[in-house]
Amino acid sequence: MTEGVEGNTRAIEGSVVTDFSDRMTYGGYLDLATLLSAQRPLSDPEHHDELLFIIQHQTTELWLKLVLHELAEACRLLHDDQLAPALKCIARVKHIQRTLTEQWSVLATLTPAEYAEFRGVLGHASGFQSAQYRAVEFTLGNKNAGMLRVFESEPPSYELVRAALEAPSLYDEFLRLLARTGYPIPDAVLERDVTAAWTFTPELVPVFTSIYEDPQTHWAAYETCEELVDLEDNFQLWRFRHLKTVERIIGHKTGTGGSSGVPFLRRALDLTFFPELLAVRTEIGR
């Protein structure tokens, strides 16, 4: 018999708090009454699988909230020349990205027939309208001022996306840090319009080539470059898994938000955040 277990029941230790009449509870701290009441299927009669669809997207939004929180701190730390703690924030984002990518496997259990039973209640609601996702893309450099129109009817979402549009991206802050530490970053890069989408800048490739060809001398910059490449890879894996999940569930139907669906998602795979960090691979060893 295992000590402390009788009849397959574990005894509650005497030190465990059980009176919560005037104490903070787990549910109270996490506001679970609010959180767990936010899943409200609209199908009538309620379809069993709609809860999965709602929870999948709500948990994604919670993780995106944390991604934005960490990226904002990373940008602030880079601005203040605190590279090491900024890398800690980026490392946390990478773990969140892996969780977000794996989540698609849960939604992929939704069959086309099951989704068709409640898809109509979404109307034109679509992940395309996720303000937090768009703010993450903007923070990483894929900016598009035209996207602001999508959020004009929701002022808080509009302000979130607008702020991300107008702020320097993570890449901008890294390049500015490199310039402050003596790397020859072109003035045109440092003075660029940060509301514009990042475009490939060939003048940066020699800078990164020098870093990659002598990593021991440039270790801090080298490590940061590789962390950014990890972010890029993870984001592309998420995009690809999204595409394949959508293709599996709705085939080549148009999206609820009016997009072409799978073709629209496939074009996103051509978007890059840090193109010079990919281009430098061609130069190494030449």
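Asp31 counts as partly exposed, at 41% relative accessibility; partly exposed lies between buried, under 20% relative accessible area, and exposed, over 50%, with a 1.4 Å probe and protein chains only. Asp31 sits in the loop between helix H1 (26-30) and H2. Its phi is near 50°, a positive value in a residue other than glycine. Helices here are DSSP runs of H or I with at least four residues, numbered from the N terminus.

Before I continue, a word on the basis of these values. This is a predicted model, in which local features need pLDDT of at least 70 and side-chain atom pairs count only at pLDDT 80 or more, while totals for chains, interfaces and linings use all residues. Residues are numbered from 1 along each chain as its sequence is written, and side-chain values use heavy atoms, with hydrogens and water left out.

Let me turn to another aspartate with a positive phi. Asp81 is not a glycine, yet its phi is about 60°. Asp81 belongs to the loop between H3 and helix H4 (83-107), and with 44% relative accessibility it is classed as partly exposed.

The backbone has a further feature to point out. Which peptide bond is cis, with omega near 0°? It is the bond from Asp44 to Pro45. Pro45 itself lies in the loop between helix H2 (32-35) and helix H3 (50-79).

I now come to the salt bridges. In general, side chains of opposite charge can pair when their charged atoms come close. The rule applied here asks for a side-chain nitrogen of Lys or Arg within 4 Å of a carboxyl oxygen of Asp or Glu. By that rule, the count comes to 14 salt bridges.

One of them joins the side chains of Asp80 and Arg76, at 3.3 Å from N to O. Asp80 is partly exposed at 36% relative accessibility, and Arg76 is also partly exposed, with a relative accessible area of 40%. These two residues belong to a network of salt bridges that links Glu73, Arg76 and Asp80.

Another pair is Glu226 and Arg281, whose closest N and O atoms are 2.6 Å apart.

Finally, I return to helix H13. Which residues of helix H13 (residues 275-283) are buried? They are Pro275, Glu276, Leu277 and Val280. What covers these buried residues includes helix H8 (170-180), helix H10 (205-213) and helix H11 (219-250), where contact means heavy atoms within 4.5 Å. After H13 comes Gly285, whose phi is positive, near 85°.

Technical notes: Helices (H or I, at least four residues) and strands (E, at least two) are DSSP runs, numbered from the N terminus.
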